[in-house]
Amino acid sequence: MASKGKGKSGDKGSDKRRGGRDTSEAPAGPVDGGHAALEPDRERPGAWTLLIDGAPQSHVDLDDPGHLDFAYQRRIGHLIDLFAPARQPLNVLHLGGGAFTLARYTAAARPRSTQQIVEIDAGLVAFVREHLPLDPQARVRVRAVDARAGLAKVPDGWADLVIADVFSGARTPAHLTSAEFLDDVRRALAPGGWYVANLADGPPLSHLRGQIATAASRFAELALAADPVVWRGKRFGNAVLVAADRELPVAEFTRRVASDPHPGRVEHGRALIDFAGGAVPVSDASAVASPEPPPSVFR
């Protein structure tokens, strides 16, 4: 789920022609989780935004998979770049598929990477495969199962990166927010691996603080990137969390996030724990889904 501050200025509008492209026959149809539609990008001829029930989920440029349009996806892209030397192949597990944007990015930036996508919505998987096909040379396996069930099937220590970007509608399901969930993430991670999550919250940021506390209960090092207005609790939006048991490249991540078209801010260490404000880790017994975004987020 991406809020309207996705990294591109301007409103796409509602007319049937954008940038000379006829959108009256843009692909759309029912999927298991609602109604999927592809909205063409008026500025990039090969690019599309995937919407589910009107909520933006992913942006894909088929001509340039290295282009990441949504701000949160760019921040995850920075982490994919920073994990290891350029073009080194990785094993990556994506929990949540969307339009496979981050898997396409990884395949382009790190050829010969082996990737698994776990996406519960089989109808969405079929829709994306038909209208936004993957490069047949990319080593990407897609499994249409629940994210936690799919995670449980991953061999111990297989993943260099576990990237969680899971939304049912516009909310992260409760069972993907708990310490027990992170225990299984840790099991699947290789030594030195990173957990990366797209989180969404708004004032008073209770969900975000709880997720920081939960990750801190399972990992030694954390960093979190978000727009300044999200940090201040002024607006609902996305935040990207990275957690590991080794030192993170915080300085370079901070520099890249600050240089994005929509600059963000990164916090880590004591400042991040202080921001959590005494929140307690979430357990399976206490977990709830992330909050519903206000309608204005998608306008």
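**Position of Q116**

In which strand does Q116 lie? In this predicted model, Q116 belongs to strand β8, which covers residues 114–118. Q116 has a relative accessible area of 12% and therefore counts as buried, the cut-off being under 20%.

Leaving out residues up to four places away in sequence, Q116 touches V92, L93 and H94, together with R141, R143, V154 and W158.

Strand β8 is part of an open sheet of 8 strands, arranged in the order β9-β8-β7-β10-β11-β13-β12-β14 with mixed pairing. The edges are formed by β9 (139–143) and β14 (265–268), each of which pairs on one side only. From one strand to the next, the twist averages 15 degrees.

Within this sheet, β11 (residues 189–201) and β13 (residues 237–244) pair in the antiparallel sense over 8 bridges. Y195 stands opposite A243 of β13. Helix α8, made up of residues 250–258, packs on the sheet and touches both β12 (221–226) and β14. The direction of helix α8 makes about 160 degrees with that of β14.

In soluble globular proteins, nonpolar side chains tend to be buried together. The largest nonpolar core of this model contains 36 residues, and those with the most contacts inside it are L93, L95, V185, Y195 and L224. Apart from it lies another core, of 28 residues, which includes L90, W194, A244 and V266.

**D160, a buried acidic residue**

D160 lies in strand β10, which spans residues 159–164. Which side chain of opposite charge is nearest to D160, and how far away is it? That side chain is R246, at 7.5 Å. A salt bridge requires a side-chain nitrogen of Lys or Arg within 4 Å of a carboxyl oxygen; D160 is buried yet has no salt bridge.

Setting aside neighbours within four places in sequence, the contacts of D160 are F83, L90, N91, L189, A190, G193 and W194.

Conventions:
Residues are numbered from 1 along each chain as its sequence is written. This is a predicted model: local features need pLDDT of at least 70, side-chain atom pairs count only at pLDDT 80 or more; totals for chains, interfaces and linings use all residues. Side-chain values use heavy atoms; hydrogens and water are left out. Helices (H or I, at least four residues) and strands (E, at least two) are DSSP runs, numbered from the N terminus. Buried means under 20% relative accessible area, exposed over 50%, partly exposed in between (1.4 Å probe, protein chains only). Contact means heavy atoms within 4.5 Å. A nonpolar core is a set of buried Ala, Val, Leu, Ile, Met, Phe, Trp, Tyr and Cys residues joined through side-chain atoms within 4.5 Å. Two strands pair if DSSP finds at least two bridges between them. Axes are lines fitted to C-alpha atoms, for helices over the stretch in contact, and angles run from 0 to 180 degrees between N-to-C directions. Lys and Arg count as positive and Asp and Glu as negative; His and the chain ends are not counted.
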